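This briefing goes through a protein model topic by topic, for a reader who has the sequence and the coordinates at hand. Please keep the structure open while reading.

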Amino acid sequence: MHKMTRVAATLLTSTAAVVALSGTAQAKAVEARLAQETIYGCDYGAVCIYPEGKHYSEANPTHKFWSYKAHNLSGQVNHHWVFNNQYGGATADLCKQYNGGDCIETIPEGWAFYRDLTPINSITLRP
């Protein structure tokens, strides 16, 4: 009986160690995946605007949008990079009116466009 208890204790300890290591490995894998999908400071799933006249590889985004809706802009004039780092085919529309009206251009998933935002008053994210 004593030998069976030692075997059971050893087995439980080994199983706990494997589970602990597995959880750590999973957390590191998720962390690595997220880091790879954050591109030029634009988080995976977001649409980002970069500072005026700066290339997206040279600066961090000034704006990040996450939700599927119209996002009104203020003070965004002249040329900016707009990067759509969403997934699943989601798009970002550049619109002349506030609240998503009169959209004139669509940025597909994974693309960055350099555009004059002076006439743009909102960006609409769509699934």
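Rings of Phe, Tyr and Trp, the last taken by its six-membered ring, count as a pair if their centres lie within 6.5 Å. A search of the whole structure, which is a predicted model, finds seven aromatic pairs.

**Aromatic pairs**

- Tyrosine 44 and tyrosine 87 form a stacked pair, because their ring centres are 4.7 Å apart and their planes stand at 25°, where planes under 30 degrees apart count as stacked.
- This pair links distant parts of the chain, since tyrosine 44 is in the loop between α1 (2-37) and β1, while tyrosine 87, 43 residues apart from it, is in the loop between β4 (79-84) and β5.
- Tyrosine 44 has 30% relative accessibility and counts as partly exposed, and tyrosine 87, with a relative accessible area of 44%, is also partly exposed.
- Tyrosine 56 and tryptophan 81 make an edge-to-face pair, with 4.8 Å from centre to centre and 85° between the planes.
- Here too the pair links distant parts of the chain, with tyrosine 56 in the loop between β1 and β2 (63-65) and tryptophan 81 in strand β4, 25 residues apart.
- Tryptophan 81 counts as buried because its relative accessibility is 17%, and buried means under 20%.
- Tyrosine 56 and tryptophan 81 also belong to a cluster linked by ring pairs, together with Tyr40, Tyr50, Phe83 and Tyr114.

**The sheet**

- Four strands form an open sheet in the order β3-β8-β5-β6, and their pairing is antiparallel.
- The edges of this sheet are β3 (70-72) and β6 (103-107), each of which pairs on one side only, and the twist from one strand to the next averages 25°.
- The antiparallel strands β5 and β6 are joined by four bridges, and leucine 94 has glutamate 105 in β6 as its bridge partner.

**Nonpolar cores**

- In soluble globular proteins, nonpolar side chains tend to be buried together.
- The largest nonpolar core in this model has 13 residues, among which Ile49, Val82 and Ile123 touch the most other members.
- Strands β1 (47-49), β5 (91-95) and β8 (122-126) each supply at least two residues of this core.
- Beyond its neighbours within four places in sequence, valine 82 is in contact with Val47, Cys48, Ile49, Leu94, Ile107, Trp111, Ala112, Phe113, Leu117 and Ile123.
- A second, separate core holds eight residues, including Cys42, Ala46, Cys48 and Ala112.

- Threonine 124 is found in strand β8, and it counts as buried because its relative accessibility is 5%.
- With neighbours within four places in sequence left aside, the contacts of threonine 124 are Lys69, Ala70, Thr91, Ala92, Asp93, Cys95, Gly100 and Cys103.

**Confidence of the prediction**

- The mean pLDDT of the protein is 82, and 72% of its residues reach 70 or more.
- Over residues 2-23 the pLDDT stays under 50, and the model gives this stretch zero contacts beyond four places in sequence.
- Residues 27-35 likewise have a pLDDT below 50, with zero contacts in the model beyond near neighbours in sequence.

How values were computed: Residues are numbered from 1 along each chain as its sequence is written. This is a predicted model: local features need pLDDT of at least 70, side-chain atom pairs count only at pLDDT 80 or more; totals for chains, interfaces and linings use all residues. Side-chain values use heavy atoms; hydrogens and water are left out. pLDDT is the predictor's confidence in each residue, from 0 to 100. Contact means heavy atoms within 4.5 Å. A nonpolar core is a set of buried Ala, Val, Leu, Ile, Met, Phe, Trp, Tyr and Cys residues joined through side-chain atoms within 4.5 Å. Buried means under 20% relative accessible area, exposed over 50%, partly exposed in between (1.4 Å probe, protein chains only). Rings of Phe, Tyr and Trp (its six-membered ring) pair if their centres lie within 6.5 Å; planes under 30 degrees apart count as stacked, over 60 as edge-to-face and the rest as tilted. Two strands pair if DSSP finds at least two bridges between them. Axes are lines fitted to C-alpha atoms, for helices over the stretch in contact, and angles run from 0 to 180 degrees between N-to-C directions.
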